[in-house]
Amino acid sequence: MKLTESDIYNGFQCCNSKEYTTTCPQCERRFVANFRVRSSRPDFEGSQGPNTPLYCEFLSPWVLRKELQAIVKEKGGIDKLRKEEWRNGTGGVWSMIWWNL
């Protein structure tokens with residue numbers, strides 16, 4: 001079953017920065033929502049290597065805010081977001097944060 005972005009965001013618990021699941025509007029089960037990023041750039045590396053999609057988890061606005069606050073407080077802070085590895089599958093959790101922005 002496909003849900004819209006609005007369905008996913010509406011299912012997040014308001015103001016809960018520790019909750020990574022959303023609620024399905026049809027069956028009301030909680031689950032971790034995912035999306036994929038595709039790129040035609042030859043140097044883009046997805047989750048399974050070059051020329052593959054990058055699979056990411058949707059983050060609630062509150063989780064994303066918490067993660068960004070932690071990044072800004074680190075050495076190098078916001079400049080880290082400009083690095084290429086934040087967009088590719090090699091960035092791990094960084095790429096998930098980048099694509100949720």
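Biologist: How far apart are the mean positions of the 15 positive and 12 negative charges of the protein?

Modeller: They lie 3 Å apart, where Lys and Arg count as positive and Asp and Glu as negative, with His and the chain ends not counted, and where the place of a charge is NZ of Lys, CZ of Arg, CG of Asp or CD of Glu. Please keep in mind that this is a predicted model, in which local features need pLDDT of at least 70 and side-chain atom pairs count only at pLDDT 80 or more, while totals for chains, interfaces and linings use all residues. Residues are numbered from 1 along each chain as its sequence is written, and side-chain values use heavy atoms, with hydrogens and water left out.

Biologist: Which elements does the protein have, and in what order do they run from the N terminus on?

Modeller: Helices (H or I, at least four residues) and strands (E, at least two) are DSSP runs, numbered from the N terminus. Here there are three helices and six strands, and they follow one another as α-β-β-β-β-β-β-α-α.

Biologist: How should I read a pair of aromatic rings, and how many aromatic pairs does the structure hold?

Modeller: Such a pair is described by the distance of the centres and the angle of the planes. Rings of Phe, Tyr and Trp (its six-membered ring) pair if their centres lie within 6.5 Å, and planes under 30 degrees apart count as stacked, over 60 as edge-to-face and the rest as tilted. The structure holds four aromatic pairs. In one of them, Tyr9 and Phe12, the ring centres are 5.9 Å apart and the planes stand at 55°, so this pair is tilted. The rings of Trp98 and Trp99, with centres 6.5 Å apart and planes at 90°, form an edge-to-face pair. Tyr9 and Phe12 also belong, with Phe35 and Phe58, to one aromatic cluster.

Biologist: Which residues are buried in helix α3 (residues 93–100)?

Modeller: An α-helix has 3.6 residues a turn, so residues three or four places apart point the same way. In α3, the buried residues are Ser95, Met96, Ile97 and Asn100. What covers the buried residues of α3, with contact meaning heavy atoms within 4.5 Å, includes β3 (34–37), β6 (54–57) and α2 (61–73).

How values were computed. Buried means under 20% relative accessible area, exposed over 50%, partly exposed in between (1.4 Å probe, protein chains only).
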